[in-house]
Amino acid sequence: MAATADTAYQQCLNQNCRATLAVDQTAFSCPKCGDLLDVIYNWDKLPVPKSLRDFEAKWSDRLNPLSFSGVWRFRELLPFAPPDQVVTIGEGQTLLQTADKVAQFVGLNTGKLKLQYEGMNPSGSFKDNGMTAAFTHARMVGARRVACASTGNTSAALAVYCSATPFGFKAIIFIGSGKIAYGKLAQALDHGALTIQIVGDFDDAMERVKQVADRLGIYLMNSVNPFRLEGQKTIMFRVLEASGWEPPDWIVVPGGNLGNSSAFGKAFIELKQLGLINRVPRLAVINASGAQTLDQLVTHHGLKWQGGAPEMTVANNYYGELDSKGLKASTIASAIEINRPVNLKKCLRALDFCDGVVRQVSDQEIMDAKARVGAGGLGCEPASAASVAGAKKLREEGIIAPSDTVVCILTGHQLKDPTATVAYHGTDQENFEKVLGSRGVRRAGFANRPVVVPNDLDDIIRTIALYSETANA
Ligand SMILES: *Cc1c(COP(=O)(O)O)cnc(C)c1O
Ligand SMILES: [Zn+2]
């Protein structure tokens, strides 16, 4: 990774503006027009690998923290930082698992569904891929106080990177009231972040953190930060790596603030540009029905990238409609409970390049898919299961074929949100109603009920015989 000033810079996404900023500036939006910023590389001046296989040499260099990291192993493809400034805690040791039981549920042929398990990251979600890159940039520019608004996982990752690294970072976290899963709140508190719970939802918290970052000069870690997306590109590099560098037919990902889908698109744009892949997978972005902005805008209002000039009035009218009706995002999948996705425009670019589609799935579909993912061996949180529920929907519509190779991104770990899982499987009706029934989820589904047995050895033995026979039948 060569030094940076002349090889990497930031550029406004707005094609009528195209303002540029040095790589070591901290604007987080275009100073001229307010649009999103991109990290751009002068690849001609950089040592780019001739083949993706060249990255395999890093596997024998695991005592080097940069080669050990599943993000920085691909540092030649995100060369914005001097190597001695990289902040890494060994993120990205994740797994691409072939999941045949889940494939059956989705309606795919054996061997065709793979789950990219990003819950294996140090903080338990894919957010670490982006955090390592954003913290690296924060270190480059000498930032100390770092802040984010979060539905939970961004704040958990931010708290971990502050507490696990020796560079004096101080975490400031904004969360909406009553909207954060306990596993995630536990992490923010346990890792010592200043946790500010404001009365409002995520979209409110997001608005405030931008104002505060601006006023106090605090470094902003939300996915408006273009450096986070650079780190999140590597999820796709690892999917390719684990597939013998052969792109799958489909990448399916839940959509919240749309940082991940945007990053995936940028990854494939750059790989294609560099001649490192021939074929680009199709991208499916899955909303929850309770936070369906992207699906509404793309599938139903025809919003498109249009060569960099999307008709953003369509989005603004939609937001106006939400406001006038007083509609707030509401889904059990709290990580994607977002009505104003900040990376909307970049996601449109990704959908355009990857011949993408968008769908929405209900909380019922999400919880059922989550239970099937769990029964298939990898536990995920509700938002992650939207990818599997979405793949099933696209399979039923005939858009995904049974013989297609499909990679669903499991964005976060099962233990992030035990409340939803226990309500779904458990026998406590009151708890079920409170957590899931109120969202229209029915009792049936794929619940694995705990069996209540008197404290009596014969009863216990009879119960085991009864249930284990049923399971084998
Ligand atoms: C953040 C998050 C998402 C949403 O990702 P975006 O990049 O905001 O679209 C989905 N699932 C989990 C578990 C998350 O933490
Ligand atoms: Zn601009």
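**View 1. Surroundings of ligand 1 in the predicted model.** An oxygen atom of ligand 1 lies 2.8 Å from a polar backbone atom of glycine 256, and an oxygen atom of the ligand is likewise 2.8 Å from a polar backbone atom of leucine 258. In the side chain of lysine 127, an N or O atom is 2.6 Å from an oxygen atom of ligand 1. The ligand has 16 residues around it, of which Lys127, Asn153, Gly256, Asn257 and Thr411 come nearest (a residue counts as near if one of its heavy atoms lies within 4 Å). This is a predicted model, in which local features need pLDDT of at least 70 and side-chain atom pairs count only at pLDDT 80 or more, while totals for chains, interfaces and linings use all residues. Residues are numbered from 1 along each chain as its sequence is written, and side-chain values use heavy atoms, with hydrogens and water left out.

**View 2. Packing of helices α4 and α5.** Helix α4 (residues 153–164) and helix α5 (residues 182–190) have axes that come within 8 Å and cross at roughly 25°, and they are therefore roughly parallel to each other (angles under 35 degrees count as such). The contact, meaning heavy atoms within 4.5 Å, is made by Asn153, Ala156 and Ala159 of α4 and by Lys184, Gln187 and Ala188 of α5.

**View 3. Packing of helices α7 and α8.** Helix α7 (residues 226–242) packs against helix α8 (residues 259–273) at an angle of about 65°, with the axes 8 Å apart, so the two are roughly perpendicular to each other (65 to 115 degrees).

Conventions
Chains lettered and ligands numbered in written order. Axes fitted to C-alpha atoms, helices over the stretch in contact; angles between N-to-C directions. Helix = DSSP H or I, 4+ residues; strand = E, 2+ residues; numbered from the N terminus. Parallel < 35°, antiparallel > 145°, perpendicular 65-115°, else oblique. Polar contact = N/O pair within 3.5 Å; in protein donor to acceptor, adjacent residues only side chain to side chain.
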